[in-house]
Amino acid sequence: MNNEVVIKCENISKTFPTADGTAFDVIADFSIEVNKNEFVVLIGPGQCGKTTLINIIAGLEEATSGIVTVGGELVTEPDPKIGVVYQETNLFPWLTVMGNVEFGPKAQGESKASRQERAQKYIDLVGLTGFENQHPNKLSGGMQQRVGIARVYTNEPLVLLLDEPFGHLDAQTRYLMEEELEKIWRQERRTVLFVTNNLEEAIFLADRIVLMTNCPSTVKQEYIIDLPRPRDITSREFLKIREEISKNLDLTS
Amino acid sequence: MATSNNIKKKKTKPAIISEDQITKKQSTLYAFISFAVVVVLWQLAVLFLPNFGNIFPGPYDVVALMIKIVKEPVGRLTLFAHLGWTLKRIFIGYIIGAVIGVITGLAMGTSKLANAIISPVFEILRPIPAIAWVPMAILWFGLGEASKYFIIGFSTFVICALNSIAGARATSEKLKGAARMLGASERQLFSKIILPSSVPQIFAGLQISLSASCSTILAAEMVRSEEGAGWLILRGMNTGNMTLVLVGLIVISVTGLILATVMRAIERKAISWSFRGK
């Protein structure tokens, strides 16, 4: 395993002022390191700081205190080297699938032939061949998420942040998408930080699971998952890990 | 790929047809029926209500007059020439007002600085009805066409600006964030996110202001003119010819219908991705 640290969060805290004048701590003293090409899954109770944390690492929100570096550089604003896949997809509805996927390199002035060749490669990889000229409103939820993944991959970021990308999908589609994402990641290794509140999803995908506490969020425990890929969610080893972690998981909140 | 094919099949078949959905054929039929009922009731009222015909000429008289003035001029011009003048005036005034309105609105909705500078003036101008500008327009632009374009353009300007402001301000922060994440610059944020996402709202403004500009044509043609639908109405009023007034009304209505249809077609092309484009 390559041990070069790509994402580094040091003592991140985030406090929101509330209406009655008191402060509400969402994240407290959160530290994590993600190595190159490692797939790390953050799992924790719903509604507590996970999206905020992703936004801070993506440079979309500022931490109250603490430092985030990606590839050795301090994160202060959104940067194409930090790619994000959102739960609500955030596709541009006026652009076609191709328009969405080539958006990043196009904005950065890459030539049409070169960017579209790469966009096509990732459209094919996520299984959307033939849908290049469709608008997002014509696609199902799962397909929209595929576009979101292809869009981020085409922009060739150093790291991928996925914020509960399959949270809105039905159970069947969710399984399918987890399998596809894992397959894509094995073909195109990237440094990934994936947020979820679904333990099964976490164990299926992760090299390492970081368990978060209830509000204010901080690291509770880490688990290295060294099951061979692709994983079988019904195998005895899988279920054993699942049982072990779930004892430690406080999902009620 | 097998999975995407399956999904595609499912998508092309609408799962549930809602009850109030009607086909295009039905829609045309209903439109025809409702139109016919109005005309028949109108004609019946003229035939059977005493004196009604004197204050409200019947459809037969109106159509007869229209057919007559297709060949014989009223004033200087025949019916279609009047229609053409009205169409041209609304079109030019509307385009000028719309372009300035959309640009002003987008600037105000996007830039706090532009908003701080423009909005005091805009808020003062905004409540003024277009017709109130008639004396000023004559003073500034004379009695010719320019003053008419100004009056029509003004009402268009206000509505288009208001809608463009709303459109630009309603741009999703999340989409802006996504664009920045993908490497878009501040300028690209405007051209690639704010502008396209405002388009549905801009078209809403263009449609509403089209009606408004049709309604100001009367004011515009009160500024000395010898042609157009507004003039037909004024002429009818001055000579006590109510049939001619109704012909003028119909000409305005047809003008509005032509322009709205054209605008709707452009809109459908431009924003097929949006709910308004359907």
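**Exercise 1. A charged pair in chain A**

With which residue does Arg208(A) form a salt bridge, and how far apart are the closest N and O atoms? Work it out in this predicted model, then describe where the two partners sit.

*Solution.* 
- Step 1: Start with the general idea. Side chains of opposite charge can pair when their charged atoms come close.
- Step 2: Look for the partner. Arg208(A) forms its salt bridge with Glu38(A), and the closest N and O atoms are 2.8 Å apart.
- Step 3: Arg208(A) belongs to strand E9 of chain A, while Glu38(A) is in the loop between E2 and E3 of chain A; the two are 170 residues apart, so the pair links distant parts of the chain.
- Step 4: Check the burial. A residue counts as buried under 20% relative accessible area. Arg208(A) is buried because its value is 8%, and Glu38(A) is buried because its value is 4%.

**Exercise 2. The strand around Arg208(A)**

Describe strand E9 of chain A: which strands pair with it, and which way do its side chains point?

*Solution.* 
- Step 1: Find the neighbours. Strand E3 (residues 39–43) runs parallel to E9(A), joined by four bridges. Strand E10 (residues 219–224) pairs with E9(A) in the antiparallel sense over five bridges.
- Step 2: Pick out bridge partners. Val210(A) in E9(A) is the partner of Leu42(A), and Ile224(A) in E10(A) is the partner of Arg208(A).
- Step 3: Follow the chain onward. Six residues make the hairpin link from E9(A) to E10(A).
- Step 4: Sort the side chains. In a regular strand the side chains alternate between the two faces of the sheet. Here Arg208(A), Val210(A) and Met212(A) point one way, Ile209(A) and Leu211(A) point the other way, and all are buried.

**Exercise 3. A glycine in a turn**

*Solution.* 
- Step 1: Locate the residue. Gly21(A) lies in the loop between strand E1 (5–17) and strand E2 (23–35) of chain A.
- Step 2: Compare with the cut-off. Exposed means over 50%, and Gly21(A) is exposed because its relative accessible area is 67%.
- Step 3: Look at the strands. E1(A) and E2(A) run antiparallel, with nine bridges joining them; Phe16(A), for instance, has Phe24(A) in E2(A) as its bridge partner.
- Step 4: Name the link. The strands form a hairpin with five residues between them, and Gly21(A) in the turn has a positive phi of about 90 degrees.

**Exercise 4. A network in chain B**

Which parts of chain B does the salt bridge between Arg76(B) and Glu227(B) tie together?

*Solution.* 
- Step 1: Note the distance. The side chains of Arg76(B) and Glu227(B) meet at 2.6 Å, N to O.
- Step 2: Arg76(B) is in the loop between helix H4 (59–71) and helix H5 (79–110), and Glu227(B) is in the loop between helix H10 (186–222) and helix H11 (229–239), so the bridge ties together parts that are 151 residues apart in sequence.
- Step 3: Check one partner's cover. Glu227(B) is buried, at 7% relative accessible area.
- Step 4: Widen the view. Salt bridges that share partners join Arg76(B), Arg89(B), Glu145(B), Glu221(B), Glu226(B) and Glu227(B) into one network.

Conventions. Residues are numbered from 1 along each chain as its sequence is written. Chains are lettered from A and ligands numbered from 1 in the order in which they are written. This is a predicted model: local features need pLDDT of at least 70, side-chain atom pairs count only at pLDDT 80 or more; totals for chains, interfaces and linings use all residues. Side-chain values use heavy atoms; hydrogens and water are left out. Buried means under 20% relative accessible area, exposed over 50%, partly exposed in between (1.4 Å probe, protein chains only). Two strands pair if DSSP finds at least two bridges between them. A salt bridge is a side-chain nitrogen of Lys or Arg within 4 Å of a carboxyl oxygen of Asp or Glu.
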